[in-house]
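Trainee: I have the entry open and would like to go through it with you. Could we begin with the chains and then turn to the contacts between side chains?

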Amino acid sequence: MTEIQLQDVSKVYGGDVVAVDGVDLTVEDGEFVTLVGPSGCGKTTTLRMIAGFETPTTGRVGMGGKDITDLPPYRRDVGMVFQSFALFPHMTVKENIAYGLRVDDESHTEAEIDARVDEMLELIELPEIKERMPDQISGGQQQRVALARALALNPEALLLDEPLANLDERLREQMQAELSRIQKELGVTTVFVTHNQEEAMTMSDRIVVMNEGGFEQVGDPDQVYDDPASLFVADFIGKANVFRGRAGASGDGLSIDTGEVTLRAASTDGVADGDAVGAVVRPQDATIEASGVEADNVLSGEVTLSQRVGELVEYRIDTDLGEFIVVEQAGRGGTRFGRGDRVEAGFPADACRLLTRESVIGDEPVTAPAQTEA
Amino acid sequence: MAGESESEVLPGEESSSLPDWMPEGDAWVAVLGYPVTVLVLLFAVPLALLVAVSFFPKPSGGYYSVGFTLEHYVRAFTTPLYLERLAFTVALSAGTAFACLAVGYPISYTLARMESRRRRQVYITAIVSTMWLTYIIRSYAIGVILSKNGVLNELLMTVGVVSEPVFTSQGLFPVVLGMTYVFVPFAILTLYSSINNIAPELEEASKNLGANRFQTFRRVIFPLSKRGVYAAWMLVFILALGAYIVPKILGQPAQWTLPVIIGDQVTLQLNVPFGAALALIMVTVVMAILALGYKFLNLGARDLSGGGPSGE
Amino acid sequence: MASEDNPRPDGGTVDGARGSTGLTRALTGGTVDLPGLAARLYLGLSLIFILAPILIIVSISVTPEQFLTFPPGGVSGQWFNEVLSNPEWVAAIRTSLLVALGASVVSVSIGLPLAFALDRYDVPYMGVIRSFGVLPILIPPVIIGVAFTSYFLAIGLTGSVFTLAVAHGVFYAPFSLVLIGNGLEEMDRSVEEAAMNLGATEFQTLRTVTFPIIRANVFSGVLFAFILSLNEYIIAFLVSGFTVVTVPIKIFSSLRYSYSPVIAAISVIYVVLTTLLVAVVEHYTGGIWD
């Protein structure tokens, strides 16, 4: 049972720079958890505290039931993959992978080491590069070797620090699939750090959205996407249309008055009449037509951008509320509207979720536009 | 908060740690301690001593005796000879620096733009090799070439341009030639580093826009290599200021530079304090020039130490 | 007439006709890339300028005559014989090698920890220490020599191989500092963390990862100091107080008397030795100047 536990962990530099602020997390055995957030949110620092390269200012780090907070990195049973891969440039691929076994306290025979290296090369499907030097193999191959090296010691946990950041798009997608496959196969508890929310969504069992040293939200990808805890999360994960205003009543539901327009909205817990709120509308929940849209909320405007992104088409419309994004499946004809077309976009009330907080960290309320404070 | 942690850190393993992820590492004091101590004891102290010695009186029998006197500085500043030598030294060094730039820049440029990597490597190795050789051998070589029955004279006489030996093995021309010869590799390498860092695409872009080679050079390449030019000039200048061997071997007393005078004061006249005073005056001049260079041209220790691999 | 696609002799990518100036184009019909040709000619000449004196010395050293003439009449090994069988010259060579060895050790022993400390730690006054570390070579050698002389005098150490090795070592420490410092800087620091992640202690990491990676830099620092010390005159002369005779010192004093071919012979020996060592340095640093 290897679970990773963070108990009220903080990291403060120089007395006043708070990189990580009192976080709690339990990563279950075999789980793939991703720490995601913008630069500087503390995700890498958190990871490094689990690895042992940073010592928490307060709090404890536990693994498999043991408190490892005071253990130096070489006494922790974790394997880490670095953003730059950090392959030893003066050693062959084989020696790189074998390194952990060689410096191990227990001695291993050459045969053992060789067998293990072969096993790892099998796992990453690259048996042919065994004797090559790191500068002789491609970026994608280096990445896999780094992974193999980290897994060679059969660690209790696997930590990855933005390992795919240095790869081009195509390769990145391939590697995402590879990583997922290997992780599932081995069942190793994994903590993954990235700033790319798409990556986080694709690969993880659970996501931790971080912001300014704290956790905005922890949940599985669906939860985080459908039920964001704050505007920060809604904006960071996936695309979103966000409007700020004041909540009001409307029929049996709620409304939001942005000053320009009033939208009918769905309730979310704890929204009271008059609260400053933010409304989140996902682009794919809206429909777009030239005219005659029937929905709880209809916005009209001129298309400023229409582009095809894979199997989807994205439209950006200039409306009274500002830019509004609509995404739909690409039909046979490709894009239906072009720049300059006047269109209407509509969405139902329950696609318009109201949130009361900008961010969970600091419990910031939504800043409503221009109106006098109640 | 400490609780029952089962840390197994073995004693003695932590305090000698070097990596930087242990911010509480006081180990650096130990690591830094030895070299700094050595440098202080064996570099700062001797220099400080030099300063002190320059104020010591010179007894007739020995090297120096402890005391305080300004006589050496007074002598240095009031005797026309020394100031004149200082001026000559500065002028000679400046001239050498310019000569090295003139000779070296085209070489550096051609090298930096050379297509064949191997040929370039060969040339550079050849140039670098000569750099290491003692100035003595190199000056000797120039002396041989310029001597009365040496190569150059023989050549000119054979060809019939002159009827008598024109060059001598000692004199102003030999000294200037010798200084340039000896220091030009430094200029070449510094300039090479700098020019090499100018992306060739810039030249291509310039030519693509219609500029001929000369214009490209004047408007694109030269300005971009300015930093290297300044660094090269500075480096040669400072090195030339300290030149002892070349003027001594290839020069008559009229061409002796201040370092030569200093050397003679210490070894022949056994007047260490006076030599020290002259030395300090020189150091001050060098420091002042370095400071000026740093201030106006933004040159740092980086640029002068071989141009640096990242030399911009 | 010129073809528009005339490639430059030096490999440039723009057609020659457009590149050369109007005058040369007019004179040569555009087929000859005058500036390019001139450049290569200049390079060739300057290389001759740089290497010729050495070559001349080589030829003098093999002259069968009894004194210096150029061009020499033939080839003879007599002068090399003279040098290598002369106990004074042999002693000088030995002394030079010893001093150089000591100097390189001292130089690296200062430069290595200094480079490490500056690279790894947030040392206060880092800029000052770094400038301090580079300072020795910026000061004219004669001044360093005088400083060391009076210093050793003051503390009662007479000139010896040891004091000279130390003086040289301190003087050349900046090279080690800069070379090793560059190596450390260019190194990807995360490989050390990777090593520790895989179970290596700090010491094991230094031994198996860090040092192998910077080994070339350390080695070139050693060689730099070695070669420079071998060839250094003025500090040696001032510090040794006539008790220690290195090759440069002996050459210099011999020059007083005449330009004998013996000097040429020892010079050649030195040239060969130095060039070999330089080639080794180049090999290990792999084009340090690129």
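Trainee: Among contacts in chain C between residues at least 6 apart in sequence, what percentage join residues at least 24 apart?

Mentor: Please keep in mind that this is a predicted model. In chain C, 70% of the contacts between residues at least 6 apart in sequence join residues at least 24 apart.

Trainee: Which secondary structure elements does chain C have?

Mentor: Chain C has 13 helices and 0 strands. Of its 290 residues, 56% are buried. The chain exposes about 11800 Å², with 68% of that supplied by carbon and sulfur atoms.

Trainee: And how many helices and strands are there in chain B?

Mentor: Chain B holds 14 helices and 0 strands. Buried residues account for 52% of its 312 residues. Its accessible surface is about 13900 Å², and 65% of this belongs to carbon and sulfur atoms.

Trainee: What about chain A, how many helices and strands there?

Mentor: Chain A has 8 helices and 22 strands. Its C-alpha atoms fill a box of roughly 75 × 50 × 35 Å along the principal axes. Of its 374 residues, 53% count as buried. The chain exposes about 16400 Å², of which carbon and sulfur atoms supply 43%.

Trainee: How far apart are the mean positions of the positive and negative charges of chain A?

Mentor: They are 5 Å apart, for 32 positive and 68 negative charges. There is also a negative surface patch, formed by A:Asp220, A:Asp222, A:Asp226, A:Asp285 and A:Asp350. One of these, A:Asp226, lies in helix α7 of chain A, residues 221–226. A:Asp226 is partly exposed, at a relative accessible area of 47%.

Trainee: Which side chain does C:Glu193 meet in a salt bridge?

Mentor: C:Glu193 meets A:Arg48, at 2.8 Å from N to O. C:Glu193 lies in helix α9 of chain C and A:Arg48 in helix α1 of chain A, so the pair joins two chains.

Trainee: Are these two partners buried or exposed?

Mentor: C:Glu193 is buried, at a relative accessible area of 8%. A:Arg48 counts as buried too, at 15%.

Trainee: How many salt bridges does the structure hold over all chains?

Mentor: There are 27. Another one pairs A:Asp70 with A:Arg60, with the closest N and O atoms 3.2 Å apart. A:Asp70 lies in the loop between β5 (66–67) and β6 of chain A and A:Arg60 in strand β4 (residues 58–63), so the pair ties together parts 10 residues apart in sequence. A:Asp70 is partly exposed at 36% relative accessibility, whereas A:Arg60 is buried at 13%.

Trainee: And which residue does A:Arg102 meet in a salt bridge?

Mentor: A:Arg102 meets A:Glu110, at 2.8 Å from N to O. A:Arg102 is partly exposed at 35% relative accessibility, and A:Glu110 is partly exposed at 46%. Elsewhere, salt bridges with shared partners join A:Lys94, A:Asp114, A:Asp118 and A:Lys130 into one network.

Terms used. Residues are numbered from 1 along each chain as its sequence is written. Chains are lettered from A and ligands numbered from 1 in the order in which they are written. This is a predicted model: local features need pLDDT of at least 70, side-chain atom pairs count only at pLDDT 80 or more; totals for chains, interfaces and linings use all residues. Side-chain values use heavy atoms; hydrogens and water are left out. Patches are made of residues with over 30% relative accessible area and no salt bridge: like charges are joined within 9 Å, nonpolar side chains (Val, Leu, Ile, Met, Phe, Trp, Tyr) within 5 Å. Accessible areas come from the Shrake-Rupley method with a 1.4 Å probe; for residues, only the protein chains shown count as cover. A salt bridge is a side-chain nitrogen of Lys or Arg within 4 Å of a carboxyl oxygen of Asp or Glu. Lys and Arg count as positive and Asp and Glu as negative; His and the chain ends are not counted. The place of a charge is taken as NZ of Lys, CZ of Arg, CG of Asp or CD of Glu. Helices (H or I, at least four residues) and strands (E, at least two) are DSSP runs, numbered from the N terminus. Buried means under 20% relative accessible area, exposed over 50%, partly exposed in between (1.4 Å probe, protein chains only). Contact means heavy atoms within 4.5 Å.
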